[in-house]
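The structure is shown first, and the description follows.

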Amino acid sequence: GQSLEQPSEVTAVEGAIVQINCTYQTSGFYGLSWYQQHDGGAPTFLSYNALDGLEETGRFSSFLSRSDSYGYLLLQELQMKDSASYFCAVLNQAGTALIFGKGTTLSVSS
Amino acid sequence: DGGITQSPKYLFRKEGQNVTLSCEQNLNHDAMYWYRQDPGQGLRLIYYSQIVNDFQKGDIAEGYSVSREKKESFPLTVTSAQKNPTAFYLCASSTSKYSGNTIYFGEGSWLTVV
């Protein structure tokens, strides 16, 4: 089956850079996705990596190394509004539905 | 505006009762999903459907049932067989079964057993 590991908590200050790591074990791999969820809200899609390398979207970047079964989400110029939970996710073995990690809670302080 | 609507936002259930959570989408998406979220547990897949009149069990389907009679609708019934149903339930959809990496969520429904 699919499993994902990510740190449970990360703390940082405004303006800093933080990296949230994700390692995965899968039977079949279709790419790594990242989602953000503010407390009590709905998760929203952030990024998707199908191939090795870095994908940049504004202050957020996501990296994938398929040979290491590893990826990370990089958040730059942190703002208070970035305080949220971040989830990495992969498709299940059949490639038909996302399986999520347990999430990393990011706390940004001033 | 297009989106996913879940109702009710908050629901209280007595033990032994079945309850149904509604999920409606007007995005013309083929695939729909139900997830359960408990504190510190992330999102766990309950059921999903890739086309009308077809659905598959996820990792924690026991005690739940679904139907997909219309493309727009994917209701989830939490039955009395679900022993610990208190949780945050999230419905999601994607364009098709081939775009499952990018899914869009509704605002969720909080279910509490009293």
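The text below treats the interface and then the cores of this predicted model.

**Interface**

The size of an interface is often given as the accessible area lost when the parts come together. Here the area buried between chain B and chain A is about 1,700 Å², with carbon and sulfur atoms giving 54% of that area. Three residues, L43(B), N101(B) and F105(B), supply 33% of the area that chain B buries against chain A, more than any other three residues. The table lists counts for this interface.

| Item | Value |
|---|---|
| Contact residues from chain B | 23 residues |
| Contact residues from chain A | 22 residues |
| Salt bridges between chain B and chain A | 0 salt bridges |
| Polar contacts between chain B and chain A (both at pLDDT 80 or more) | 8 residue pairs |

On the side of chain B that touches chain A, the elements giving two or more residues are β4 (31-38), β5 (42-51) and β9 (87-94) of chain B. Of these, β5(B) gives the most, with 5 residues. The residues of that side of chain B divide into 10 nonpolar, 9 polar and 4 charged.

**Nonpolar cores**

The largest nonpolar core has 41 residues, and F100(A), Y35(B) and F105(B) touch the most other members. Strand β9 (residues 84-91) of chain A gives the most to this core, with 7 residues. Apart from this core lies another, of 19 residues, which includes C23(B), M32(B), V78(B) and C91(B).

Leaving aside residues up to four places away in sequence, Y35(B) touches residues of both chains, including A97(A), L98(A) and F100(A) as well as L43(B), F88(B), I103(B) and F105(B).

Definitions and conventions
Residues are numbered from 1 along each chain as its sequence is written. Chains are lettered from A and ligands numbered from 1 in the order in which they are written. This is a predicted model: local features need pLDDT of at least 70, side-chain atom pairs count only at pLDDT 80 or more; totals for chains, interfaces and linings use all residues. Side-chain values use heavy atoms; hydrogens and water are left out. A nonpolar core is a set of buried Ala, Val, Leu, Ile, Met, Phe, Trp, Tyr and Cys residues joined through side-chain atoms within 4.5 Å. Buried means under 20% relative accessible area, exposed over 50%, partly exposed in between (1.4 Å probe, protein chains only). Helices (H or I, at least four residues) and strands (E, at least two) are DSSP runs, numbered from the N terminus. Contact means heavy atoms within 4.5 Å. Buried area is the accessible area (1.4 Å probe) that two parts lose on being put together, summed over both. A salt bridge is a side-chain nitrogen of Lys or Arg within 4 Å of a carboxyl oxygen of Asp or Glu. A polar contact is a pair of N or O atoms within 3.5 Å; within protein, one must be able to donate a hydrogen and the other to accept it, and residues adjacent in sequence count only if both atoms are side-chain atoms. Ala, Val, Leu, Ile, Met, Phe, Trp, Tyr, Cys and Pro count as nonpolar, Asp, Glu, Lys and Arg as charged, and the others, Gly among them, as polar.
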